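Please look over the sequence and the structure shown here before reading on.

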Amino acid sequence: MATTALLLRAHHPCKPSLPPPRAAIVCRAMASTAAASASAAQALRSMAPPHRPELLSLDLPRYDPARSRPVDLAIVGGGPAGLAVAQRVAEAGLSVVSIDPSPGLVWPNNYGVWVDEFEAMGLADCLDTVWPSASVFIDDATSKSLHRPYARVARRKLKSTMMDRCVAHGVNFHQAKVVKAVHNEASSLLICDDGVAIPATVVLDATGFSRCLVQYDKPYNPGYQVAYGILAEVDGHPFDIDKMLFMDWRDSHLPEGSAIKERNSRVPTFLYAMPFSPTNIFLEETSLVARPGLAMDDIQERMAARLKHLGIRIRSVEEDERCVIPMGGPLPVLPQRVVGIGGTAGMVHPSTGYMVARTLATAPIVADAIVRYLDSGNGGVTGGDALAAEVWKELWPTDRRRQREFFCFGMDVLLKLDLPGTRRFFNAFFDLEPHYWHGFLSSRLFLPELLMFGLSLFAHASNTSKLEIMAKGTLPLAKMVGNLIQDKDR
């Protein structure tokens, strides 16, 4: 009523007031929708509890700062890959120290893996929930059922298991942050922020994306996977608790003509969900890859709109997580004095963002190479640059470098696809024989098979998608071929 009175007073009483132009109505509606979306995202953020780090209660053997003799291996960073290498090298009878500011900290993120990957590494007992299959929604009319068991990693159990194995084999721990590495001919000296200097024959950087010690000599221009996730108690949800939701590309939750729908059409996001019960679920809105990466506020806004549309009412949020994962970009300098593993060594899958299973599977290769080349009888390779060079060769052999080039080609194509193009791509991708899509996601295919994968994907693609791949994939393909030719000359 007050609004009506104001409008009447604004016009001459003898002239009938005209309705506002349609454009003005649309603009006000869009502004109202945007304000509501932002408000819903803020409400979602406000439900997140304060961050409370979870710590294991461990009595860890400590590194003795009075030690003058170099340890055989110093590992900077206490993530899964670093601990896996530490355990295996110590098991071979060599001296190992793990350096991390919080060695007892339980890793905060919810890791999802394909069950066969963890079974192959003997880690099936470190999975806490297993779904027999997964589902993918391409759009409102098309869905896929993936008959490949998926699981959430029991992160506390995995960390506890790995720490127990390290302790059992004699790994020592130093709680500090490495700020500098000084190298001489046969060993290195790691300077920590507590003033302790640790001499080591081999240094392994396992600090993830912080790239603490590993050096790069090319412009670092990765794509970014950005995600916001919550572990929540809800009134209910529409998902089958016997299936995890791998990807949901539907956009019917976004109002037609709205700015948020237009943004999602250009740079799409999908929902990933792990339903543990009818009222307990992990939900994550994810931008697969973008350059530059999407803003976290934008991701949260899209997630809030999706949950409202799905009728998911959140009672409480147990934890939330914000993920920003660099994908692709150049490899580090090969070789160099400090050896790397995981994110710091460029091991994130450039097309998917996967890394945990791949780095855990690579840890024994790196560890065995370190053990082998620390043997003074191995061709005189006893330390320093020569030893590091040999380990880098084991980490990034020719077939793995070529595989990564193909994955970067895939990322470059995905970067160019809008929502319709992305839907067409994954509609064809998940129609492939399981050998191909399993192998691609799990980094099991090498260049000859990857070429067959590419041909099969092209054959399964729609005519529109084929034209799109040819138009948007030509330059990335030329770039990949050029890089493969350069790599051949190494």
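Predicted model: local features only at pLDDT ≥ 70, side-chain atom pairs only at ≥ 80, totals over all residues.

## Terms and basis

Residues are numbered from 1 along each chain as its sequence is written, and side-chain values use heavy atoms, with hydrogens and water left out.

## The three-stranded sheet

Strand E4 and strand E7 (residues 150–153) run antiparallel and are joined by 4 bridges, with tryptophan 131 standing opposite tyrosine 150 in E7. These strands belong to an open sheet of 3 strands, in the order E3-E7-E4, whose pairing is antiparallel. E3 and strand E4 (127–131) stand at the edges with a single partner strand each, so one side of each is left without a neighbour in the sheet. From one strand to the next the twist averages 30°, where angles run from 0 to 180 degrees between N-to-C directions and axes are lines fitted to C-alpha atoms, for helices over the stretch in contact.

## The seven-stranded sheet

Another open sheet has 7 strands in the order E6-E5-E13-E14-E15-E12-E16, and its pairing is mixed. At its edges stand strand E6 (143–146) and strand E16 (314–327), each with a single partner strand, so one side of each is left without a neighbour in the sheet. Here the twist averages 20° from one strand to the next.

Strand E5 (residues 133–137) pairs with E6 in the antiparallel sense over 4 bridges, and valine 136 stands opposite lysine 144 in E6.

## Helices H3 and H8

Helix H3 (residues 80–91) and helix H8 (residues 356–374) pack at an angle of about 40°, with their axes 8 Å apart. Contact, meaning heavy atoms within 4.5 Å, involves residues including Pro80, Ala84 and Arg88 of H3 and Leu360, Ala363 and Asp368 of H8. The residues of this contact divide into 12 nonpolar, 1 polar and 2 charged, where Ala, Val, Leu, Ile, Met, Phe, Trp, Tyr, Cys and Pro count as nonpolar, Asp, Glu, Lys and Arg as charged, and the others, Gly among them, as polar.

A residue is called buried under 20% relative accessible area, exposed over 50% and partly exposed in between, with a 1.4 Å probe and protein chains only. Of the 18 residues of H10, 13 are buried, so the helix is largely enclosed by the rest of the structure.

Helix H12 (residues 434–441) has 6 of its 8 residues buried, so it too is largely enclosed by the rest of the structure. The buried residues of H12 are Tyr436, Trp437, His438, Gly439, Phe440 and Leu441, and what covers them includes E3, E6, strand E13 (243–248), H10, helix H11 (419–429) and helix H13 (447–460). After H12 comes serine 443, whose phi is positive, near 60°.

## Proline 101

Proline 101 lies in the loop between strand E2 (96–99) and strand E3 (112–114), and it counts as partly exposed because its relative accessibility is 44%. Leaving aside neighbours within four places in sequence, proline 101 is in contact with Gln175, Ala176 and Lys177. Lysine 308 is 207 residues from proline 101 along the chain, and the C-alpha atoms of the two are separated by 40 Å.

Terms used
Helix = DSSP H or I, 4+ residues; strand = E, 2+ residues; numbered from the N terminus. Pairing = 2+ DSSP bridges.
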